[in-house]
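Have the viewer open as you read.

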Amino acid sequence: MASSSTSLKRREQPMSREGDQLIVTPLGAGNEVGRSCVYMSFRGKTILFDCGINPAYSGMAALPYFDEIDPSTIDVLLITHFHLDHAASLPYFLEKTTFKGRVFMTHATKAIYKLLLTDYVKVSKVSVEDMLFDEHDINKSMDKIEVIDFHQTVEVNGIKFWCYTAGHVLGAAMFMVDIAGVRILYTGDYSREEDRHLRAAELPQFSPDICIIESTSGVQLHQSRHIREKRFTDVIHSTVAQGGRVLIPAFALGRAQELLLILDEYWANHPDLHNIPIYYASPLAKKCMAVYQTYILSMNDRIRNQFANSNPFVFKHISALNSIDDFRDVGPSVVMASPGGLQSGFSRQLFDIWCSDKRNACIIPGYMVEGTLAKTIINEPKEVTLMNGLTAPLNMQVHYISFSAHADYAQTSTFLKELMPPNIILVHGEANEMMRLKQKLFTEFPDGNTRIMNPKNCESVEMYFNSEKMAKTIGRLAEKTPDVGDSVSGILVKKGFTYQIMAPDDLHVFSQLSTATVTQRITIPFSGAFGVIAHRLGKIFESVESSTDEETGLPALKVHERVTVKQESEKHISLQWSSDPISDMVSDSIVALVLNISREVPKIIAEEEVAVKSEEENGKKVEKVIYALLVSLFGDVKLGENGKLVISVDGNVAHLDKESGDVESEHEGLKERVRVAFHRIQSAVKPIPLSAE
Amino acid sequence: MGTSVQVSPLCGVYNENPLSYLVSIDGFNFLLDCGWNDLFDPSLLEPLSRVASTVDAVLLSHPDTLHLGALPYAMKQLGLSAPVYATEPVHRLGLLTMYDQYLSRKQVSDFDLFTLDDIDSAFQNVIRLTFSQNYHLSGKGEGIVIAPHVAGHMLGGSIWKITKDGEEVVYAVDYNHRKERHLNGTVLQSFVRPAVLITDAYNALYTNQTQSHHRDTEFLDTISKHLEVGEMLLPHWSQRSFSFPIYFLTYVSSSTIDYVKSFLEWMSDSISKSFETSRDNAFLLRHVTLLINKTDLDNAPPGPKVVLASMASLEAGFARDIFVEWANDPRNLVLFTETGQFGTLARMLQSAPPPKFVKVTMSKRVPLSGEELIAYEEEQNRLKREEALRASLVKEEETKVSHGPDDNSSEPMVIDTKTTHDVVGSHGPAYKDILIDGFVPPSSSVAPMFPFYDNTADWDEYGEVINPDDYVIKDEDMDRGAMHAGGDVDGRLDEATASLMLDTRPSKVISNELIVTVSCSLVKMDYEGRSDGRSIKSTIAHVSPLKLVLVHATAEATEHLKQHCLNSICPHVYGPKIEETIDVTSDLCAYKVQLSEKLMSNVIFKKLGDSEVAWVDSEVGKTESEKRCLQPMASAAAPHKPVLVGDLKMQDFKQFLASKGVQVEFAGGGALRCGEYVTLRKVGPTGQKGGASGPQQILIEGPLCEDYYKIRDYLYSQFYLL
């Protein structure tokens, strides 16, 4: 788990189908609950979903397997909600790795993220070297996090994404990512049931090609909300009526707010309970109330209507407790305390005091991570170990009433049936539960068109998408719609994943790019007669037109309709042309020629002889060059029968006819490559046609 | 061929009248904004009334009267029934603006163009979107995608992008490129080369020179612009610890502030950042007292004070009242934060030199008394009897007539509107019995707050007409005890306002004309939050639309901007007149082709900014699915004229050369002197950057020397040769 760059592995990219392969790799939350982190890569774009820790571990062991990836290659990191198992390794990832992409989360998530992690750093009791990050890192990370509103579409490097309401907790989002037309939905934790303050998860408008979905609840079915709320209030009512105390260990944010809303309302309706105090013992929850009081728009209509009268998050019967010292344990009471897992802290202190009295009750309100005390006492053991190491009998009643805001089996299967994604990837679920869910989903989608996968951590799922690249031909080039066999030539402009083909003259019209022409004018000292230049040029170039300059009346020459040679004065001539490779070359040769004239007297050479000889020589030279270049490209090139070149690459053989450029090969790819290579080599070694227009 | 696009303005071209434009895209009619002015002149809406029923969707840009004022009236009277799209703050603050308008008007006149109910029902069906949300229309508008983007003028203010088949139509009025205290600047600059841009020339002739921190304030309006100033005042006040109180006076002040507090997502990055770090909501205005009626202000301790009151035009409302009271004291100051609407009192006062006297008609609603009251009551009783009689007649008729389901459903509705559904004023006999509809009474209110249904009114053949909603128990447990008297999404109004609205005592309006001596100082400071002329031009140049439609400005300003754009931005600029339909269908030719894998494997892209470019030579073929497809050429392609792609900026190039150790300096005439001999200059028409002016012409000259070739190589390195 070292963060040094030496341990970062670069993923092998298969050469042939690079563009089409989509890889999904859970770095955490694969067959487990906690440390959500899913890596995805498609067509050179990489996305990381969530960045959590496993709350059951501390230090490096809690992190997802970041060393499986190269953080510097990640374009976008999307955080679904503020829970520790989804967001808590973010400061580490942002500040202590080479990551340099962009991070997005919703407004509410960002506001709570900071409070929550600052609290996490303070509470966690690990040694300094085991600390993944400190408060300073969190503050620094805040500047790098960008916010996204629900439904707002953001585009980064051609990756388009937007988010939907996910239920679960305030600000929770499901992300839909669109890369080159392939859509991936990552649900994060979601709930399709509307509760007291949150909206139900939305059903996305479009069906995704891949759905990465949580499976926390597996095949369980939740009780209806009314039943569990009744159970909850009944247990509390009867316990306090008998003089007992109720402990509700709950995570400070998320479900806690929902439970407080229920309790406040129940108390308001039962005046006989008014003398029994309700406390919530979490400074963090107290701090976050301001956030809950502000982002009313992210909540459901019910809360928004209540907001019209009074803020529902200003409780009338519930008071906050700062520490156990402020708590006077003098009779029946209801205390909601964090942490939810009873690992340590206030909830554990109260548990230790209250666990041996059978009048008391403890209500576990949601999903508990394996390995925590809360998970253990659900099975009602006879004895428990206290924080001071002693054992005590467990006499208090333990109730498990799940207020879990995770989708249950019914919700998951209807959600998937509505979306009908061809690929389903299960994450964020305990291995056995996930297996059962997978089996049951198979029976729901029996037609075989749906792939359901549950990769383990670091196990990659590979999928192939046939990406059709569509281009839009626009402007002058598109004035006539071409028929089969017509040729289309123009500039191909790629922006993100959209392609446009246009004529060079239209480039500035349809894109932000512009074209330029560079006119060059150089003066050369030349004191001889201009006629000499004209004569010499006429010998070398095919087309030399003479004219006179209109302004000065001095003679001028136009070579190949490209370069104008003018006599500027007695001592200078000037060359003017518009830049392109051929004109540059022509002008260079003119310059050389002019310089030569002034240096030496003309020689008489037997032209024809030289010409014949050089042609033969040239032919040989060309062949040599072609051969050498082919060897440098393909390695194994031999001269075969009837003058053909035999090229073999990886066991595939191609025959190349040097004269016609025809290639024969079994292997299509090789054939194409050789053909193109040969064509390019030929155009490089053969004389350049000057009549390019 | 491209998508057909027609634009026809309904109001607000060649003058500063409210905005309302009809844009039809392939036959789907969008109404862009639905504004009215503070005078509520129905003649302005005539063009709208002719087309209202054909509108398929309404897009609202800003929450003020000029942009959405006519919505309730059009919905009620003109047969506008299309779905309305707006952002959440536009919806919410727009609703409050209309409440405020209505209440101000009602105080001074027999205002009957629309009622609070009409406002409620008009705003009930608004579909709320967030910024940059791509909303896909369905049904008739299949294939059209609409998206609001940040305009930066007011909270939630949006510019709209309508896309069909890659063709973009952008509607951007009253945008602001600068970051304000509570708002982010517009993102208009990020749109590049839309097919059509519809924009205003409002500030084309206006150049703003004020430094933002030199602005001080005293007086202003339009609900959401208050916020800007409110925000501004705050730190100022706490710094100097003035003892003068600040008052924020509108009929809906506290609801406005309450809502605004929860609109944090829509505000600027700095505001949300301060919330994230300190959890301090910027709109917890500690130094500002919120008032909802003028008596409170009158009761406030005498002495210097600052009052923010609504209705910038001074045509009605608190602002007008206070103006009349304060105008003749030279120690007072009236501070305008924006240019008043044309033809209003505010505009008159802003003219230079300001008038010494203004004639003001003051109207006031007074309760009826004495004989008038008796007469009124008799009249009402008569009406009531008639009503009852009619109702019973109708009832009898209904029982007699063989009743098809159609009759049943329509008839009682007719009666309905006449009797029970008006909240204010015309409620008829039920003086103390108030129907609660459209807002939530506060928990502390007493008896008159309970709903009362006039039983005489609604009868059908089965007895009393029942509204099933009244009997639905909403989600049993959840609502238990939580809601007082069926909360409504629509509105949340202050207690006193509510009682004001419910005040149905018979009253009448009396008017008297006053000559007000204007001896107080008048100052105008720009808090308008609109881009000024220069930035408008540069913004348009940057966006450089293929076609440009100019609206909402005086004839002069429109002409000015039109000429400017014709000269240097794009050749197609239109300034349509009211009800003149112009066709801005793009003459763009386009077709789609598939790029075959074979072709793409041979293409070598070069990266240039956001995009990558390459030259392709290809041949058209067919895929299996009979689609057009580009394949590599079978034979060698004919050579093409090389193209240099790139945008050379002399300044950047100078720095580049300097970094390479070449001595460079600008010589006269924009020429760049490189080294001792070589000069580089741009020739030909110098067009706007990225404008439609054609390729750049660069001339490099010098004597034959080594430097020349070196600099030429550097120059080439700035371009891609294709």
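## Ground rules

This is a predicted model, so to speak of local features takes pLDDT of at least 70, side-chain atom pairs count only at pLDDT 80 or more, and totals for chains, interfaces and linings use all residues. Residues are numbered from 1 along each chain as its sequence is written, chains are lettered from A and ligands numbered from 1 in the order in which they are written, and side-chain values use heavy atoms, with hydrogens and water left out.

## Where chain B meets chain A

Let's start with the interface: 111 residues of chain B are in contact with 101 residues of chain A (contact means heavy atoms within 4.5 Å). About 9200 Å² is buried between the two chains, with carbon and sulfur atoms giving 56% of that; buried area here is the accessible area (1.4 Å probe) that two parts lose on being put together, summed over both.

Between chain B and chain A there are 24 residue pairs in polar contact, both at pLDDT 80 or more (a pair of N or O atoms within 3.5 Å; within protein, one must be able to donate a hydrogen and the other to accept it, and residues adjacent in sequence count only if both atoms are side-chain atoms). On the chain B side, strand β26 (residues 611–622) gives the most, with 12 residues. By class, that side has 53 nonpolar, 26 polar and 32 charged residues.

The rule finds three salt bridges across this interface (a side-chain nitrogen of Lys or Arg within 4 Å of a carboxyl oxygen of Asp or Glu). E612(B) and K494(A) meet in a salt bridge at 3.8 Å, N to O.

## Two helix pairs

In chain A, helix α3 (residues 107–123) packs on helix α7 (residues 283–294) at about 170 degrees, axes 10 Å apart. α3(A) and α7(A) are therefore roughly antiparallel (angles over 145 degrees count as such). Among the contact residues are L115(A) and D119(A) of α3(A) and V291(A) and Y292(A) of α7(A). The contact has nine nonpolar, no polar and three charged residues.

Chain B has a pair too: helix α4 (residues 88–108) and helix α7 (residues 253–261) pack at about 175 degrees, with axes 10 Å apart. Here R92(B), L93(B) and L96(B) meet S255(B), T256(B), Y259(B) and V260(B).

## A salt bridge within chain A

Over all chains, the search finds 33 salt bridges. In one of them, R302(A) meets E265(A) at 3.2 Å, N to O. That pair links helix α8 (residues 301–307) with helix α6 (residues 255–269), the two residues being 37 residues apart.

Key
Axes are lines fitted to C-alpha atoms, for helices over the stretch in contact, and angles run from 0 to 180 degrees between N-to-C directions. Helices (H or I, at least four residues) and strands (E, at least two) are DSSP runs, numbered from the N terminus. Angles under 35 degrees count as roughly parallel, over 145 as roughly antiparallel, 65 to 115 as roughly perpendicular and the rest as oblique. Ala, Val, Leu, Ile, Met, Phe, Trp, Tyr, Cys and Pro count as nonpolar, Asp, Glu, Lys and Arg as charged, and the others, Gly among them, as polar.
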